[in-house]
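Q: Here is a structure to read with me. Please set each value against its definition and then conclude.

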Amino acid sequence: MTPSCPAECGRTVPVGKLLCRPCWGRVPKHLQDDVYRTYRAYVSAKVGTPAFRKASPEYRAARSAAIGSVR
């Protein structure tokens, strides 16, 4: 099953992407940068470490802000 875009546009999202391409293009650049920055910190931190505990909520917040900006 292919995931649908969380921006509720009806398009599908490729695996490993947050939004479909048209919706991602509507996300303001500063929010895109926040998603990239926090995602890199999230995936590079080891689970259970202080770095991971900091990175995880920051990434979720950046992801939510990006999705919310196109809804």
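A: Start with a term. Buried means under 20% relative accessible area, exposed means over 50%, and partly exposed lies in between (1.4 Å probe, protein chains only). The model is predicted: local features need pLDDT of at least 70, side-chain atom pairs count only at pLDDT 80 or more, and totals for chains, interfaces and linings use all residues. Residues are numbered from 1 along each chain as its sequence is written, and side-chain values use heavy atoms, with hydrogens and water left out.

Q: Which residues of H2 are buried?
A: Leu31, Gln32, Val35 and Thr38 are buried in H2. Seen down the H2 axis, these buried residues fall within an arc of 140 degrees, so they line one face of the helix. The arc is that of the directions from the helix axis to the C-beta atoms. On the other side of H2, Lys29, His30, Arg40 and Ser44 are exposed.

Q: What do the buried residues of H2 pack against?
A: They pack against H1 and H3. Contact means heavy atoms within 4.5 Å.

Q: Why is Thr38 called buried?
A: Its relative accessibility is 4%. The cut-off is under 20%, so Thr38 counts as buried. Thr38 sits in helix H2. Its side chain reaches the backbone oxygen of Asp34 at 2.8 Å. Leaving aside neighbours within four places in sequence, Thr38 is in contact with Glu58, Tyr59 and Ala62.

Q: Why is Lys54 called exposed?
A: Its relative accessibility is 53%. The cut-off is over 50%, so Lys54 counts as exposed. Lys54 lies in helix H3, residues 50-70. Lys54 and Thr38 are 16 residues apart in sequence and 9.8 Å apart in space, C-alpha to C-alpha.

Q: What makes the pair Lys54 and Glu58 a polar contact?
A: Their side chains come to 3.3 Å. A polar contact is a pair of N or O atoms within 3.5 Å; within protein, one must be able to donate a hydrogen and the other to accept it, and residues adjacent in sequence count only if both atoms are side-chain atoms.

Q: Which residues have the most contacts inside the largest nonpolar core?
A: They are Cys5, Leu19, Cys23 and Val27, in a core of 15 residues. H1, H2 and H3 each supply at least two residues of this core. The largest share, five residues, comes from H3. A nonpolar core is a set of buried Ala, Val, Leu, Ile, Met, Phe, Trp, Tyr and Cys residues joined through side-chain atoms within 4.5 Å.

Q: What phi does Glu8 have?
A: Glu8 has a positive phi of about 60 degrees, although it is not a glycine. Most residues other than glycine have a negative phi. Glu8 is found in the segment before helix H1. At 64% relative accessible area, Glu8 is exposed.

Methods: Helix = DSSP H or I, 4+ residues; strand = E, 2+ residues; numbered from the N terminus.
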